[in-house]
Amino acid sequence: MATPTIPVALSTASVWPLRAKRAFELAADLGFDGVEVMVWVDADSQNVEALRKHSLETGVPVLSVHSPSLLITQRVWSPDPEVRLRRSVEAALELEASTVVVHPPFRWQRRYGDAFADLVAELEQRSGVAIAVENMFKVRPPGGRRNARVSAFRPSIDPTDVGYAHYTLDLSHTAAAGMDALALADRMGDGLAHVHLADGTGLPKDQHLVPGRGDQPCAELLERLVQRGYDGAVVLEINTRAAKYPANRVADLAEALLFTRLHLGQ
C-alpha cells in the first residue's frame, strides 16, 4: 500500500503585506496542496465568504485556520479570546478545514487561561476539528536587560507542559526559544498534528526564514515525519516582507516548496 502524501500548504502570512487572495493565487501557481489562513488585520482573512470565493476561484482548498492569537489581532472578531477561538472553529467548519492553530493564552488572560484546556477539549469534541496548540518563545521585556527573556504565555512556551490532544510544531519558534525541535516533536508524540515549517538562526526573535537558511533541523524533521507516518499537513510560514520585487517573493516561496517536497520524498 502506498504511503499517503503529506500535504504542503502555504500560510497567507507568507505573502504579507499582500492580502490573502494573493496567497491563494500563488499557491495555485506554484503547486501547493492548500492554504492556511492566518486570521489577522487583512480584512479578507476575517471574511469567510471572501475566503471561500478565493478557494473556489483558484481550486486551492483551505486546510487550516490560524486563530487570531497575535498581539496585533487582539481585537479581530472580538476582544474576548474565547470568542475568537470559537469563531475560528466555526470558520474552519465553514471552509471544510480540518485544523485550527492557536497559541497558548497570554499570562494576563487569566480567566481564559484557567479555562483554556477544557475549552479546547470541548470545541474539539463538538466540532471534530483538531485544535493544535503551538509552541512559542520567550521575549525581551520592555526596558529589560539585553539578555533578559520572559515568557508572555501561561503556563509556559511549551504546550506539552500542559498536555493537549493536538499540537502545532513551529520551527521558527523553536529557533527563537533555543529549543531542540526534534526533542519537542518527540514529546508531542502522536499529538503532533500540524507543522509550521520555517527556519531561524537562534536569534531570540521570530525570523521565519526559508527552510535551509538557518540552523533548524528542517530536513531531518521532514524525513522523520515520513518515517513515522505523520498524517497532518506541513505549512510553509515564511517571512517575505523584505522582498524588493514580486519575483523575489515568488522565488523564496518556490525554494521553500522545493525544499519541503524534496525532504518529504515527493
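A search of the whole structure finds 1 cavity of 30 Å³ or more, where a cavity is a set of points, on a 1 Å grid over the protein atoms alone, at which a 1.4 Å probe fits but cannot get out. This is a predicted model, in which local features need pLDDT of at least 70 and side-chain atom pairs count only at pLDDT 80 or more, while totals for chains, interfaces and linings use all residues. Residues are numbered from 1 along each chain as its sequence is written, and side-chain values use heavy atoms, with hydrogens and water left out.

The largest cavity holds about 80 Å³, a volume being the space filled by probe spheres set on grid points that are joined across faces, edges and corners. Its lining, meaning residues with an atom within 4 Å of a point, consists of 14 residues, and Pro 68, Ser 69, Pro 81, Arg 84 and Tyr 112 lie nearest the centre. Helix 3 (residues 81–95) gives the largest share of this lining, 3 residues; helices here are DSSP runs of H or I with at least four residues, strands are E runs of at least two, and both are numbered from the N terminus.

Pockets are open sets of points with protein on both sides within 12 Å along at least five of seven lines. The largest pocket has about 710 Å³ of space, and of the 26 residues that line it, Trp 40, Leu 70, Phe 137, Asp 206 and His 208 are the closest to its centre. That lining divides into 15 nonpolar, 6 polar and 5 charged residues, with Ala, Val, Leu, Ile, Met, Phe, Trp, Tyr, Cys and Pro counted as nonpolar, Asp, Glu, Lys and Arg as charged, and the others, Gly among them, as polar.

The second largest pocket, with a volume of about 310 Å³, is lined by 21 residues, and Leu 192, Ala 193, Tyr 230, Asp 231 and Gly 232 lie nearest its centre. Strand 3 (62–66) and strand 7 (192–197) are the elements that give two or more residues to this lining, which comprises 9 nonpolar, 8 polar and 4 charged residues.

The chain around these spaces has 8 helices and 8 strands. Of its 266 residues, 54% are buried, that is, under 20% relative accessible area with a 1.4 Å probe and protein chains only. Among contacts (heavy atoms within 4.5 Å) with a separation of 6 or more, 73% join residues 24 or more positions apart.

Terms used: Buried means under 20% relative accessible area, exposed over 50%, partly exposed in between (1.4 Å probe, protein chains only).
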